[in-house]
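Reader: I am new to protein models and would like to learn how to read one, feature by feature. Could you take me through an example?

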Amino acid sequence: MVILDGKAVAAFHREKVERRLYDFQERHIQPGLAIILAGSDKPSDLYARSLQKVAQGVGLSAEIYRLAETVCEHDLISMITHFNEDKNIFGILMMMPLPRHIDAAKVINCISPEKDVDGLTDSNIARLFSGRPGFVPCTPRAVMAILDYYHISLTGKEVVIIGRSNVVGKPLAQLCLNRNATVTHCHTRTRDLVAAARRADILISAAGSPGLVTADMVKPGAIVIDVGINRVEGKTVGDVEFEAVSQIAGAVTPVPGGVGAVTTMMVLENAVCGIENRA
Ligand SMILES: NC(=O)C1=CN([C@@H]2O[C@H](COP(=O)(O)OP(=O)(O)OC[C@H]3O[C@@H](n4cnc5c(N)ncnc54)[C@H](OP(=O)(O)O)[C@@H]3O)[C@@H](O)[C@H]2O)C=CC1
Ligand SMILES: Nc1nc(=O)c2c([nH]1)NC[C@@H]1CN(c3ccc(C(=O)N[C@@H](CCC(=O)O)C(=O)O)cc3)C=[N+]21
């Protein structure tokens, strides 16, 4: 069994990001990333803090703007408008999920598509679906980056994805389809999740449910990608029962140190693309 090491993948991409940023540092351009966190979602808080650390490590400034759970749509939109107009901000990252009383689609679509480094606006979603260049959400990109780093091809493979959010599951399915995989998409209404999962050559869990993926759901030798980030008894764990599944699978991503470690680097890569496009 191979452990797919997200930290190694991140380090590989980090070097490329640093090289591309070097040019801007020479020209004294100080590109910034604005991270907006409304409410107190734990994975979002973890993500925002990891991102800030990694960004600062490559010389990008990343500021976290924390807003109360009770924030109104109007205040969120004014904040976005402000960053859209700020020449020093090259990327705006809105942490999901937003508080329940907020119309997420309305708020997200106020982000200028050129600064939408998580590819969540309708305009970037349309680009992904029609195969035109645009920002692709960072977590699905991280999954692809891991598969590519380990030379795991998707062509003709049975890929089963658990989870259908706009941030992870749906764009991930589209990326897999673009790479010629046969994609099965599962969610809470899926009748027989175990049977569906067992067909997978590549099983990807993005449900946010600790212990969801058990050894009996994995075909011997399958590749298992754990996107889940859950806090259990003060520890970060994924969706996969790592110990048991690693006895059966051909390769597994750990949590922490798997997809999450790469996601943060993909944000920086997207941000650098944004800077290059506008410099
Ligand atoms: N590693 C990383 O870089 C990242 C990790 N994450 C983590 O990934 C997880 C998913 O995130 P996100 O997509 O935003 O979450 P959402 O809660 O928006 O979506 C979860 C999806 O999983 C499905 N689901 C949940 N429980 C089950 C179950 N028991 N059986 C089948 N399907 C299930 C839901 O189905 P339905 O639609 O029917 O409700 C839904 O489609 C979270 O743990 C999050 O923290 C997120 C982004 C990045
Ligand atoms: N618009 C939006 N896009 C997201 O991609 C998004 C989001 N909102 N909201 C929250 C979730 C969660 N998420 C994480 C990504 C990386 C780590 C991460 O860096 N994890 C490290 C460290 C974990 C630790 O320190 O314990 C690791 O897995 O190795 C965590 C969590 C992105 N999400």
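Predicted model: local features only at pLDDT ≥ 70, side-chain atom pairs only at ≥ 80, totals over all residues.

Reader: Into which domains is the chain divided, and how many Å separate their centres?

Author: A domain assignment gives the bounds of each part of the chain, and in this case there are domain 1, residues 30-112, and domain 2, residues 138-260. Taken over C-alpha atoms, the centres of domain 1 and domain 2 are 27 Å apart.

Reader: How should I read the packing of two helices, and at what angle do α6 and α7 pack?

Author: One looks at the angle between the axes, at the distance between them, and then at the residues that meet. Helix α6, residues 138-149, packs with helix α7, residues 169-178, at an angle of about 40°, and their axes are 8 Å apart. Since angles from 65 to 115 degrees count as roughly perpendicular and those under 35 as roughly parallel, α6 and α7 are therefore oblique to each other. Their crossing is right-handed.

Reader: Which residues of α6 and α7 meet?

Author: From α6 come P140, V143 and M144, and from α7 come P171, L172 and L175. By class, the residues of this contact of α6 with α7 are 6 nonpolar, with no polar and no charged ones.

Reader: At what angle do the axes of α1 and α6 cross?

Author: The axes of α1, residues 6-26, and α6 cross at roughly 95° and come within 10 Å, and α1 and α6 are therefore roughly perpendicular to each other. On the α1 side the contact is made by G6, V9, F12 and H13, and on the α6 side by A145, I146 and Y149. This contact of α1 with α6 has 5 nonpolar and 2 polar residues, and no charged ones.

Reader: Let us turn to the ligands. How many residues surround ligand 1, and which are the closest?

Author: To read a ligand shell, one lists the residues around the ligand and then asks which elements they come from. Ligand 1 is surrounded by 29 residues, of which G163, S165, T188, G208 and T263 are the closest. The elements that give two or more residues to this shell are α6 and α10, residues 259-278, and α10 gives the most, with 3 residues. By class, the shell around ligand 1 has 14 nonpolar, 13 polar and 2 charged residues.

Reader: Which residues are the closest to ligand 2, and which element gives the most to its shell?

Author: The shell of ligand 2 has 22 residues, and the closest are Y47, S50, T236, P256 and G260. Two or more residues come from each of α2 (42-57), α6 and α10, while α2 gives the most, with 5 residues. The shell around ligand 2 draws at least three residues from each of domain 1 and domain 2, and its residues divide into 12 nonpolar, 9 polar and 1 charged.

Reader: Finally, where in the backbone are the cis peptide bonds, and where does a residue other than glycine have a positive phi?

Author: Most peptide bonds are trans, and most residues other than glycine have a negative phi. Here a cis peptide bond joins M96 and P97, with omega about 0°, and P97 is found in the loop between β4 and α4. The bond from V255 to P256 is also cis, with omega near -5°, and P256 has its place in the loop between β11 and α10; P256 is also among the residues closest to ligand 2. As for phi, H151 has a positive value near 55°, and H151 lies in the loop between α6 and β5.

Terms used: Residues numbered from 1 in each chain as written. Chains lettered and ligands numbered in written order. Axes fitted to C-alpha atoms, helices over the stretch in contact; angles between N-to-C directions. Helix = DSSP H or I, 4+ residues; strand = E, 2+ residues; numbered from the N terminus. Parallel < 35°, antiparallel > 145°, perpendicular 65-115°, else oblique. Left-handed = near helix turned anticlockwise from the far one by under 90°. Contact = placed C-beta atoms within 7 Å. Nonpolar A, V, L, I, M, F, W, Y, C, P; charged D, E, K, R; others polar. Near = placed C-beta within 6 Å. Domains from an automatic or database assignment.
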